[in-house]
Amino acid sequence: MSELDVQVPTTFDPFADAKAEDSGAGSKEYVHIRVQQRNGRKSLTTVQGLKKEFSYNKILKDLKKEFCCNGTVVQDPELGQVIQLQGDQRKNVSTFLVQQAGIVKKERIKIHGF
């Protein structure tokens, strides 16, 4: 009987690591690349989370020239500046930011979408 009392399982919080990562001053900041469906087959790619010291307009100009699409920089009250591009450019943008421009590391990019 005494052995059963000793082997009582302790409480385990599976989200403890996630909470610790989010709340620290040294937490990782990710660049989020998302695709949003517009109407029909039309879609929109958004890029958020780039560092503020980068010139969003220059990055947008290079992206537009490289992928032959249109785009804009939108100011969002919660997310800050967000780059929007026409079409599904998720893979193109991620490879551009990592390899050609060298702005972010591959580990810091999160691609969302269907």
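Colleague: Which residue in S4 does Thr-46 stand opposite?

Modeller: Gln-84 in S4. This is a predicted model, where local features need pLDDT of at least 70, side-chain atom pairs count only at pLDDT 80 or more, and totals for chains, interfaces and linings use all residues. Residues are numbered from 1 along each chain as its sequence is written, and side-chain values use heavy atoms, with hydrogens and water left out.

Colleague: Thanks! How many bridges are there between S2 and S4?

Modeller: Four, in the antiparallel sense. Strands (E, at least two residues) and helices (H or I, at least four) are DSSP runs numbered from the N terminus, and two strands pair if DSSP finds at least two bridges between them.

Colleague: And what is the bridge partner of Arg-34 in S2?

Modeller: Thr-46 again. S1 (residues 31–37) runs antiparallel to S2, with six bridges joining them.

Colleague: Is S2 (residues 43–48) mostly covered or mostly open?

Modeller: Mostly covered: six of its six residues are buried, meaning under 20% relative accessible area with a 1.4 Å probe, protein chains only. Ser-43, Thr-45 and Val-47 are on one side, with Leu-44, Thr-46 and Gln-48 on the other.

Colleague: New topic: how many aromatic pairs does a search of the whole structure find?

Modeller: One. Phe-67 and Phe-96 sit edge-to-face, 6.1 Å centre to centre with 75 degrees between the planes; ring centres must lie within 6.5 Å to pair, and planes over 60 degrees apart count as edge-to-face.

Colleague: Where are those two in the chain?

Modeller: Phe-67 is in helix H3 (residues 56–67) and Phe-96 in helix H4 (residues 90–100), 29 residues apart. Both are buried.

Technical notes. Buried < 20%, exposed > 50% of the residue type's maximum accessible area, 1.4 Å probe, protein only. Phe/Tyr/Trp six-rings, centres within 6.5 Å; stacked < 30°, edge-to-face > 60°.
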